[in-house]
Amino acid sequence: MSDVVLDLRGVNVFYGASHILFDMGFQARRGRTLALLGRNGAGKSTTMKAIMGVAPARSGEIHYAGSRIDGQAPHAIARRGIGLVPEDRQVFSRHSVDDNLRIAAKPGADGQTRWTMDNIYDAFPILAKMRGRAAGMMSGGEQQLLSMARCLMGNPDLILLDEPSEGLAPIIVQEIGRLIRSLRSTGVTIVLAEQNMHFCLGISDDAVVIDKGQIVYRGTIETLKADKDITGRYLAI
Ligand SMILES: Nc1ncnc2c1ncn2[C@@H]1O[C@H](COP(=O)(O)OP(=O)(O)OP(=O)(O)O)[C@@H](O)[C@H]1O
Ligand SMILES: [Mg+2]
């Protein structure tokens, strides 16, 4: 069986008349973490929205776990086992941490429940201390952790993380890095959108760099790190 979990082929996305993604093509492999890197406005979030069916591809194909998902509705794509942690986090601010997690609970695409409230709180000790707190009263970093925990409550096999470290204090960024590493060791596949390559080192295996909606690098993150031409030209260092 192929270890390719996610396969984008020649994907083009438009917002109205604006052409945003140009023939986007890359693959994510089972159990690995792929860093989707690029500057502000490069098209990282749009790529994730295209995968989720929120910004549908006008042409090209998106395959997940061996079948085509482009053209399907976002809820149907989510039900196949893809979880998105969006850049704006989207927690229910008036609900408690506990309720936010409970609302998000559902079995995975295989019918299994790997994540329960108990093991989520074990994995997220910071959240365990604030079960009763309204999400809207939490810091940005705590909300980011809650958003990740909510995603896991849906037992996804592929997790799309959109700039989880953006704008957060170093201590929370470290915690998020630790969580991503431990998630990777559970065998899930992760696509991690980031502007910051350094955050991805030691967390990611593979890397794709995009610029103005086009792929400018595909390879391992280690090879990317050594490529001063690409990192200098397309990433903010
Ligand atoms: N709803 C929209 N309507 C029109 N244009 C949009 C819309 N959302 C994004 N864009 C444009 O699409 C391009 C890609 O945006 P996108 O949000 O995918 O970038 P990004 O790589 O996620 O950037 P950031 O790091 O700032 O989150 C940008 O030029 C942006 O201005
Ligand atoms: Mg974005």
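Helices (H or I, at least four residues) and strands (E, at least two) are DSSP runs, numbered from the N terminus. Helix α1 (residues 44-52) gives the most to the shell around ligand 1, with three residues. This is a predicted model, in which local features need pLDDT of at least 70, side-chain atom pairs count only at pLDDT 80 or more, and totals for chains, interfaces and linings use all residues. Residues are numbered from 1 along each chain as its sequence is written, chains are lettered from A and ligands numbered from 1 in the order in which they are written, and side-chain values use heavy atoms, with hydrogens and water left out.

**Ligand 1**

- Around ligand 1 there are 13 residues, and the closest are Asn40, Gly41, Lys44, Thr46 and Glu163; a residue is near a molecule or strand if one of its heavy atoms lies within 4 Å of it.
- By class the shell holds three nonpolar, six polar and four charged residues, where Ala, Val, Leu, Ile, Met, Phe, Trp, Tyr, Cys and Pro count as nonpolar, Asp, Glu, Lys and Arg as charged, and the others, Gly among them, as polar.
- A polar side-chain atom of Asn40 lies 2.6 Å from an oxygen atom of ligand 1, and a side-chain N or O atom of Ser45 is 2.8 Å from an oxygen atom of the ligand.
- Gly41 places a backbone N or O atom 2.8 Å from an oxygen atom of ligand 1.
- Taken alone, ligand 1 exposes 640 Å², and the protein buries 60% of that; accessible areas come from the Shrake-Rupley method with a 1.4 Å probe.

**Pocket and cavity**

- On a 1 Å grid over the protein atoms alone, a cavity is a set of points where a 1.4 Å probe fits but cannot get out, and a pocket is an open set with protein on both sides within 12 Å along at least five of seven lines; lining residues have an atom within 4 Å of a point.
- The volume of the largest pocket is about 500 Å³, a volume being the space filled by probe spheres set on the points.
- Of the 20 residues lining this pocket, Ala78, Gly83, Leu84, Arg150 and Cys151 are the closest to its centre.
- At least two lining residues come from each of α2 (74-79), β6 (82-85), α3 (97-104) and α6 (140-153).
- The pocket lining divides into twelve nonpolar, five polar and three charged residues.
- There is one cavity of 30 Å³ or more, and the largest cavity has a volume of about 40 Å³.
- Residues including Ala50, Pro56, Ile62, Asp70 and Ile77 line the largest cavity.

**Strands**

- Four strands form an open antiparallel sheet in the order β2-β1-β4-β5; two strands pair if DSSP finds at least two bridges between them.
- The edge strands β2 (18-29) and β5 (67-68) each pair on one side only.
- Five bridges join β1 (residues 4-15) to β4 (residues 59-64), and Leu6 has Tyr64 as its bridge partner in β4.
- Six bridges join the antiparallel strands β9 (residues 206-211) and β10 (residues 214-220), with Arg218 in β10 as the bridge partner of Val208.
- β9 and β10 form a hairpin with two residues between them, and Lys212 in the turn has a positive phi of about 45 degrees.

Methods. A polar contact is a pair of N or O atoms within 3.5 Å; within protein, one must be able to donate a hydrogen and the other to accept it, and residues adjacent in sequence count only if both atoms are side-chain atoms.
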